[in-house]
Amino acid sequence: MTSSLLQKSDGVVSSTAARACRFCGATLRRTFVDLGMSPLCESYLSPGDLSRGEVYYPLHVYLCDKCLLVQLEEFESPEAIFSDYAYFASYSDTWLKHCEKYCIEMKERFKLGGGSFVAEVASNDGYLLQYFVREGVPVLGIEPAANVAKAAVEKGVPTLVRFFGAKTAGELAAEGRTADLVIGNNVLAQVPDLNDFVGGLQILLKPNGVLTLEFPHLLRTIEHNEFDTIYHEHFSYFSLISTVKILEAHGLRVFDVEELKSHGGSLRVFACHADSTAHRLMPNVQKVLQDEVKAGLDKPEGYESFAEQARKVKWELVDFLLKARGQGKTVAGYGAPGKSATLLHYCGIGKDMIDYTVDRSPHKQGRYLPGSRIPIFAPEHIQETKPDYVIILPWNLKDEIMAQLDYIRNWGGRFVLPIPKMMIL
Ligand SMILES: [Zn+2]
């Protein structure tokens, strides 16, 4: 990394370190949003950690003027973030239904059967591949976190404990293990070496195979003000415009795209080898690209309003909490998702504002949120303590959570939704 002094002007940062775009290598000069400092969002503390310090990193997001990739600098080695990852994907009913539906759709659309091979990168605890196994389709999961991979193997999902990139893909290809369907769900954002990873996807794909990638759609992130989906584990934030460019650079062609409701609005992108004629271009690709152009995402100026929207949420949420606590009301959280760390740190909210939160995952119960050190209990704690307000931290699951917690109405409890804007429900 070289040092330089950059000129200060609107939206342009001043710094001594030149940051390079993780896709095209151009110098990053333009701030998308600066969310201050936050600890790594999945570093839940155990009681024994409470006497120790925590490391905070800047959450400063840049926009590459040249390729329009929105991105964070890499601060921590991927091993430090993912090797003991506490996140087990199988703890949300909504998410599991989404995955089962995906498997059945892919099996029918691409005629997958006992002679096919499906590979998933970042396969977590086998939350998705288990449905292909049930349908009799051979699979392989590739997952770097040993503790979650173990849970996958126990479910009957063969899993290779490895980081994925061109090297791993090359080794599998050399063994003849290229795939009819390569799946990358909610992983692209978490890849520090984007070019090596996408290069690996291309190597792992059979000549007429299909690659599907799911990721939060930057257009929706901006539109719905989902600034809390920005955290250190997510290095990149994709529009379809930037995705098409990145895949093309690695010999892959986007032939279809679906817009999904998951994670506040995601894209499922379908790609194949650039020279494959097995998959014809579907009209939705052009439609989504046009939506992005309409929103201004084809030029740097289209990204400017986001930072102001984030500030507005902060002011309104803090205002609500100050008033509620001032009136002697009690406030609890629901959920301990990674994104809660960004929201709480950006807004400066600690356990003097939110007494505790609850989570269904036994891996999080008895631990503490990073930084704010808000304790995490089992969901029954809400029934026992009857708080006046419950702030829903994983707002993308709000319908499911409000149905599960409907009983808080019995004591006059209300739900608080921080995003897209502060609402009391
Ligand atoms: Zn770039």
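Author: A salt bridge is a side-chain nitrogen of Lys or Arg within 4 Å of a carboxyl oxygen of Asp or Glu. By this rule there are 29 salt bridges. This is a predicted model, where local features need pLDDT of at least 70 and side-chain atom pairs pLDDT 80 or more, while totals for chains, interfaces and linings use all residues. Residues are numbered from 1 along each chain as its sequence is written, and side-chain values use heavy atoms, without hydrogens and water.

Reader: What makes E171 and R162 a salt bridge?

Author: Their side chains meet at 3.1 Å, N to O, and the rule asks for a nitrogen within 4 Å of a carboxyl oxygen, so the pair counts.

Reader: What are the protein donors of the zinc ion?

Author: Donors are N, O and S atoms within 2.8 Å of the metal (3.2 Å for Na, K and Ca); water is not among the atoms, so sites may look incomplete. The SG atoms of C21, C24, C64 and C67 lie 2.3 Å from the zinc ion and are its protein donors.

Reader: Which arrangement do the 4 donor atoms make?

Author: Four donors count as tetrahedral if all angles lie between 85 and 135 degrees. Here the angles are 103 to 117°, so the arrangement is tetrahedral.

Technical notes:
Four donors count as tetrahedral if all angles lie between 85 and 135 degrees; four count as square planar and six as octahedral if opposite donors are over 155 degrees apart and all others between 65 and 115; anything else is irregular.
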